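Please look over the chain and its fold as shown here. The report that follows takes up selected residues, helices and side-chain pairs in turn.

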Amino acid sequence: MTPSTALLSLEQTPPLAVPLRFFLTAPLFGLAAALLALWIGPGHLGSRWQPGVLAFTHLLTLGYLAMVMFGALFQLLPVLVGVRLRWPLPTARVIHGLLVAGTLLLVTAFLRDTAGWFVAAGLVLGLAIGTFVAVIGHALWNACSVHDTVCAMKLSLTSLGVTLILGLWLVLGHVDSELGPRAVLIDLHLSWGLLGWAGLLLVGVAYQVVPMFQITAEYKPRLRHWLPWAVLLLLIVWSLAFLHLPRLAWVPGLGLAAVFAMFALVTLQLQRHRLRRLPDVTVDFWYLGLLCLLAAAGLWLVHQGWPQAMTAALFQLWWGVLVVVGAVVALISGMLYKIVPFLVWLHLNNRMQEAGRWQGNLPTMRQVIAERQARRHLYLHGAATVLLLPGLVWPWLFYPALLVLAGAFAAQWWNLLGAARTYRSLLRSAGL
C-alpha cells in the first residue's frame, strides 16, 4: 500500500542516488560518534567544552543530522515544492563529498587542537554548506508554491546560514585566540543550528509527511502559518537578549520552549486520532522523539526555575542528549523508514514503466524494509536514549549506553543498505 501522492510532483523526482548517498552515509557518522565516545571514555565527556564532547557532537549534528537533511531537501524540493534543481546528481556528489571531508577535518581539529586542521575544516565546510545554501536557497526563493512548508524551509535555510557564519567565526577563534572561542557565540551557534535549522525543517516537513504517511488530519492552517515565524522571531529576540540583556533571555527562551512543546502536543494529538490504527514503527519513532522534545522543554523549565537542582554542565549534557539523540535523531529515523521505502518503490515503478515491464511483482513499502527490522532499531535507539542520561552521571552505565547507541546506528545503516540492495537486485533481475 502506498500513501496518497496526489499533491506530489513525482515526475520531477531526482535520481535515487541523489538522496540515498546522504541517507546511507549518515548512520556511519552516528556509529563513529558512539565509537569515539567509547574510545575517549566518560572522563573526557564531563562538560560540553571538552574536545571529545565537541567532536562527538559534531559527528552527530554535521555527520548525521545535516547529512540526512541535505539529502532530504534534495529529494523534497522537486517533489513537495515542485521546483526542478539543475544538475542534481553532480551537485549532490560535490556537496556530499565536501560535507564528509569537512566533518572529518573538524573532528580531527577538535581532537588534535591545531590551527591548520581548523583552517582546513572551516574552508571545506564553508564551501559545502555555503554551496548547499546557495543552490537550495535559489530554488526555494523561485518556487511558485505558497504552502507553509516552503516558508518553514526558507526560514530553516536562513537559520543554517546564520549557524554557518557563527561556526566559521568560532573556527577563526581556534586559529587566533583574540577572536575567541567565546561561550556566548557557542550558545548562539548551538541554538540557531538545533532550534532554527533542524527544528524549523522538521516542523515544515512534518506538515506534509505526518498527514501523508501516518494518515492523520492536517495541521490547522493558522498553526502552520505562524509557528515557523514565531520560532524565527523568538530566536532573534533571544539572541539579542542573550548578547545584551542576559538576565531577560529566559523570556524569549520560555517562548521557544512553549512553541516546540505545542508542536509536539499537536502532533501527538493528530497521531492519536490517525485513521490507520495498524502498528507502525515510524509513528513509534515519532512518539519517542516528541516525548523527548517535551522532556527537553520540561528540563529547561526546571533548570530556569530551580537551577540548584543540577549543575549547569549536567543540564547542558542532558538537554543535548534529549534534543539531539532522543528527539531529532528519532524523528529523522521515523521519516527515513517511510521516505526510503517509498523512493525505492517509486523508482522501481518508474523504471519498470519506462521499460514496458509488468509491475505486479514490485515489493510494497513494508517489504522494502521489514517492520521487525525497523522495530529492532527503534528498541535499540530508545534504550540508548534512556541509558545515556544516567550514564552521564554513573560511569558504569556509560559504556553499555554507548554500545547500544552504536548498535542502533549500525542497525539503521543495515536496514537502509538492505533497501538499496533490494532496488539493485530487482533491477538486475528485470534486466535493467
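Trp87 is exposed, its relative accessible area being 60%, where exposed stands for over 50% relative accessible area, buried for under 20% and partly exposed for what lies in between, computed with a 1.4 Å probe on protein chains only. Trp87 sits in the loop between α2 (51-81) and α3 (88-112); helices here are DSSP runs of H or I with at least four residues, numbered from the N terminus. Although Trp87 is not a glycine, its phi is positive, at about 45°. Most residues other than glycine have a negative phi. A second residue of this kind is Ile215, not a glycine either, with a positive phi of about 55°; Ile215 is found in the loop between α6 and α7 and is partly exposed, with a relative accessible area of 22%.

This is a predicted model, in which local features need pLDDT of at least 70 and side-chain atom pairs count only at pLDDT 80 or more, while totals for chains, interfaces and linings use all residues. Residues are numbered from 1 along each chain as its sequence is written, and side-chain values use heavy atoms, with hydrogens and water left out.

Val210 belongs to helix α6 (residues 183-214) and is buried, with a relative accessible area of 0%. Once its neighbours within four places in sequence are set aside, Val210 is in contact (heavy atoms within 4.5 Å) with Ile215, Thr216, Tyr219, Thr267 and Trp286, so that the list includes the loop residue Ile215 described above. Between Val210 and His225, which are 15 residues apart along the chain, the C-alpha separation is 16 Å.

Gly30, in helix α1 (residues 17-40), also counts as buried, at 0% relative accessibility. Apart from its neighbours within four places in sequence, Gly30 is in contact with Leu60 and Phe409. Gly30 and Leu380 are separated by 350 residues in sequence, yet their C-alpha atoms are 13 Å apart in space.

## The pairing of α7 and α8

The axes of α7 and helix α8 (residues 250-272) come within 8 Å of one another and cross at roughly 155°, where axes are lines fitted to C-alpha atoms, for helices over the stretch in contact, and angles between N-to-C directions run from 0 to 180 degrees. That angle makes α7 roughly antiparallel to α8, a term that applies over 145 degrees. The crossing is left-handed, which means that the near helix is turned anticlockwise from the far one by less than a right angle.

On the α7 side, the residues that meet α8 include Leu223, Trp226, Leu227, Trp238 and Ala241. Among their counterparts in α8 are Pro252, Gly253, Phe260, Met262, Phe263 and Val266.

## Salt bridges

A salt bridge is taken as a side-chain nitrogen of Lys or Arg within 4 Å of a carboxyl oxygen of Asp or Glu, and by this rule the count comes to six. One of them joins the side chains of Arg224 and Asp148, at 3.2 Å from N to O. This pair links distant parts of the chain, with Arg224 in helix α7 (residues 221-244) and Asp148 in helix α5 (residues 148-175), 76 residues apart. Arg224 counts as buried at 13% relative accessibility, and Asp148 is likewise buried, with a relative accessible area of 12%.

Asp284, Arg366, Glu371 and Arg375 are linked in a network of salt bridges. Because Arg375 and Glu371 are four residues apart in helix α12, about one helical turn separates them. Arg366 is partly exposed, with a relative accessible area of 40%, and Glu371 counts as partly exposed at 21%, whereas Arg375 is buried, at 16%.

## Helix α12

The buried residues of α12 include Arg375, His377, Leu378, His381 and Leu388. The buried residues of this helix pack against α9 (281-305), α10 (312-355) and α13 (395-429).

Technical notes: Helix = DSSP H or I, 4+ residues; strand = E, 2+ residues; numbered from the N terminus. Parallel < 35°, antiparallel > 145°, perpendicular 65-115°, else oblique.
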